[in-house]
Amino acid sequence: MELTVSDIGAIAAAVFAGGSLLHSIRTHNKQKDLMRELSSLQRELTALELKDAKARAISKEKAEFSARFVNYGSQGSKQLMITNVGSSQARNVQIDFQGKIDFVMRSEVEDYFPCNLDSSESVKLLASSSLSHTAIRESFTLSWMDNAGGNRKDFNVQYR
């Protein structure tokens, strides 16, 4: 049996077609793998976006506090200013000096606490005059309820 040029061309075309078919199958399988990976990445991204949105929503529901001494009056007196710097109201704010109230007036603590503080609202407690001209650190804990639940924060404030 003798092969003619047209037979050789037909064989070459069949080999070329087979190679193209194999290449198409490989490309299709790679595309399926990439689509699965893309779908997985999209699910992960959606989960992360949901988690971020929940965190942002919760942070809008939280109260947060800062505390520092500020000057009061013209005679160098000081006040401890406790401010709700969060975005939500703090309810039933309580202050705990671990049994000893050394650096603010006890009567002011009893007058102001427990209390409710809206966002950006402050309480100012007059500092004891015995602290004048000394540098000390005092510790206390604030606890409160907000829309995210119960919270507490420890403070260690420098009196200068």
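These legends go with close-up views of a predicted model. Local features need pLDDT of at least 70 and side-chain atom pairs count only at pLDDT 80 or more, while totals for chains, interfaces and linings use all residues. Residues are numbered from 1 along each chain as its sequence is written, and side-chain values use heavy atoms, with hydrogens and water left out.

**View 1. The largest nonpolar core.** This core holds 26 residues; a nonpolar core is a set of buried Ala, Val, Leu, Ile, Met, Phe, Trp, Tyr and Cys residues joined through side-chain atoms within 4.5 Å. F140 is among the residues with the most contacts inside the core, as are F65, L80, I82, F113 and L142.

**View 2. Around F140.** At 1% relative accessibility, F140 counts as buried (under 20% relative accessible area with a 1.4 Å probe, protein chains only). Leaving aside residues up to four places away in sequence, F140 touches, among others, A67, L80, I95, F103 and V157 (contact means heavy atoms within 4.5 Å).

**View 3. F97 against F140.** Here the ring centres sit 5.7 Å apart and the planes meet at 45°, so this pair is tilted. Rings of Phe, Tyr and Trp (its six-membered ring) pair if their centres lie within 6.5 Å; planes under 30 degrees apart count as stacked, over 60 as edge-to-face and the rest as tilted. F97 is buried too, at 5% relative accessibility.

**View 4. F140 against F155.** With centres 5.1 Å apart and planes at 15°, these rings count as stacked. Both residues are buried.

Key:
Buried means under 20% relative accessible area, exposed over 50%, partly exposed in between (1.4 Å probe, protein chains only).
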